[in-house]
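Please examine the sequence and the three-dimensional structure shown below. The briefing that follows is arranged by topic.

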Amino acid sequence: MPETMRAIRKLSPAAGLEVVEIPVPSPGPEDVLVYVEAASFCGTDLHIWKWDDWSSRRIKPPLTLGHEFCGTIIAAGDKVRRAQVGDFVSAESHVTCGMCYQCRTGQAHMCPNTEILGVDREGAFANYVVVPEKVIWQNDREKIPPQIATLQEPFGNAVFSAMNQDLSGQSVAVLGCGPIGLFTIGITKSVGAKAVFASDIHPYRIDLARKMGATEVFNPKECGGDIVDSVLKANGGYGVDIVLEMSGAPSAITTAFRVVRNGGKVVLFGIPAKPVEIDVAENMIFKNLTVLALNGRRIFDTWYKTRWLLESGTVDLRPLITKTIGFDEVNDAMEMLSRGDACKIVLLPNDGKLPDIAGKKRDRTVDPNISAAPVHR
Ligand SMILES: [Zn+2]
Ligand SMILES: [Zn+2]
C-alpha cells in the first residue's frame, strides 16, 4: 500500500480544481477503504469548480471532490461486519445520521444531518476513498462494468423521480436533457410510456435524447422560444399526462405547468438557482394538478430498482459516457461539461488497473447478502 495518492481537490475558495498528492486515508473502525476504479463528474462538481454562490456557502476547502464512484474494498475497520476485502462496490453518497425523525421513519433521503461525499466530507476523485460501511452498495462485476457502476448514483436520481408514478401508456414530457434528463428518457421509454417528448437547447444533448428513445425532441429556440404549442400538437392537441422537469431552468419550470394536461402530474427535480414565479391559480389549482417535488434517492429502495434496470439491460447507459479521462484532464473535462458538449465524463483514477489484493481476501464469516440479491452471489 502506497503512503500517498493523487486527488482532485479544491484547495482555496476560488474557481478551478487542482490535482495534488495527499496521504492515503485510513479507515475508521466502521469504515472501508476503497480502491477507486471509476468515478464520474456531475453538475455538483461543476458548481464547485466554478465556485458559484451555492458552493462558496457550502464547501469548506481543502476538500477532495467526487461522490459518484465504484471500486474494490482493500481494507476494512475492526467493526465492519459484512463488507469484505475484494468486494466490488459503489456507495450511496448521502451519509445520513440514522437517528433523526426522517431516518427512523424510512425517509433517510430527507435527513437534515446528511453529509455528502465530495461536498461535506472527503470524496472519491482520488486513488482511494474511505466510506462508512453503512453506505456501501455491492455490485456484480460480471453484470455491471466500472464505467457503468459509477453511474448508479446519478442514475438513481432519475429512477427515483421517474418511477414515482406509473408511466406505462402515459404521454410524458422530459424537460432538460442533461444527464439526469437523458437517464429519465431511457427509463420512461423502457417502462412503456406511450410517448416521450423532450426539450433542450444543446445540439449534442438533443442528439442523445433521440438515442435514448425520445419520441420527439423540441428546441425552444426553434419553437419561437416556447415548446408548449409544439408538444400539444404532437400529442393530439392535449397537454401531456406527466411532466418530469429535470433542468431547473425557470422558463422550463413555468413550461412544465403549461404543457401538462388538466388533472395531470408535474414532477419537479431540477434545482432552480433562484425563486421562480408561477401562476398558481391558472396553471395549478384550476388544472387540478398533482405536483411532486423530489430530491435524492430513496435509501436503498431506489438502488434495487437501479440495479435491476441496468443488470437486465432495460436501460443502456453506454451512449451517455462521452469520454473517460485521467487526473490531468480534469479542468478540460469541466470546461467541456460547462459548454454542454458532454454528458457523463468518467475518471479512471487507477488507469483501469485492478488492485493487487491476492491472498488478502478474508473468508466470509457472516451473511454475504449485504444488500445484494442472493441470486447474484
Ligand atoms: Zn452527482
Ligand atoms: Zn437523519
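Donors are N, O and S atoms within 2.8 Å of the metal (3.2 Å for Na, K and Ca), and sites may look incomplete since water is not among the atoms. This is a predicted model, in which local features need pLDDT of at least 70 and side-chain atom pairs count only at pLDDT 80 or more, while totals for chains, interfaces and linings use all residues. Residues are numbered from 1 along each chain as its sequence is written, chains are lettered from A and ligands numbered from 1 in the order in which they are written, and side-chain values use heavy atoms, leaving out hydrogens and water.

- Cys 97 is partly exposed at 28% relative accessible area, whereas Cys 100 is buried at 13%; buried means under 20%, exposed over 50%, and partly exposed in between (1.4 Å probe, protein chains only).

**Zinc ion (ligand 1)**

- Cys 42 (SG), His 67 (NE2) and Glu 68 (OE) are the protein donors of this ion, at 2.1 to 2.5 Å.
- Cys 42 lies in the loop between strand 3 (31–40) and helix 1 (43–50), and Glu 68 in strand 5 (residues 68–76), so the pair ties together parts that are 26 residues apart in sequence.
- Helices (H or I, at least four residues) and strands (E, at least two) are DSSP runs, numbered from the N terminus.
- Cys 42 is buried at 16% relative accessibility, and Glu 68 is buried at 1%.

**Nonpolar cores**

- A nonpolar core is a set of buried Ala, Val, Leu, Ile, Met, Phe, Trp, Tyr and Cys residues joined through side-chain atoms within 4.5 Å.
- The largest has 44 residues, of which Phe 155, Leu 182, Ile 185 and Leu 317 touch the most other members.
- This core lies between domain 1 (4–151 + 317–376) and domain 2 (160–293), because both give residues to it; the domain bounds come from an automatic or database domain assignment.
- Another core, of 40 residues, lies apart from it and includes Ala 39, Leu 65, Ile 73 and Met 334.

**Ile 345**

- Ile 345 is found in strand 18 (residues 344–347) and is buried, with a relative accessible area of 0%.
- Beyond its neighbours within four places in sequence, Ile 345 is in contact (heavy atoms within 4.5 Å) with residues including Ala 39, Phe 41 and Leu 337.
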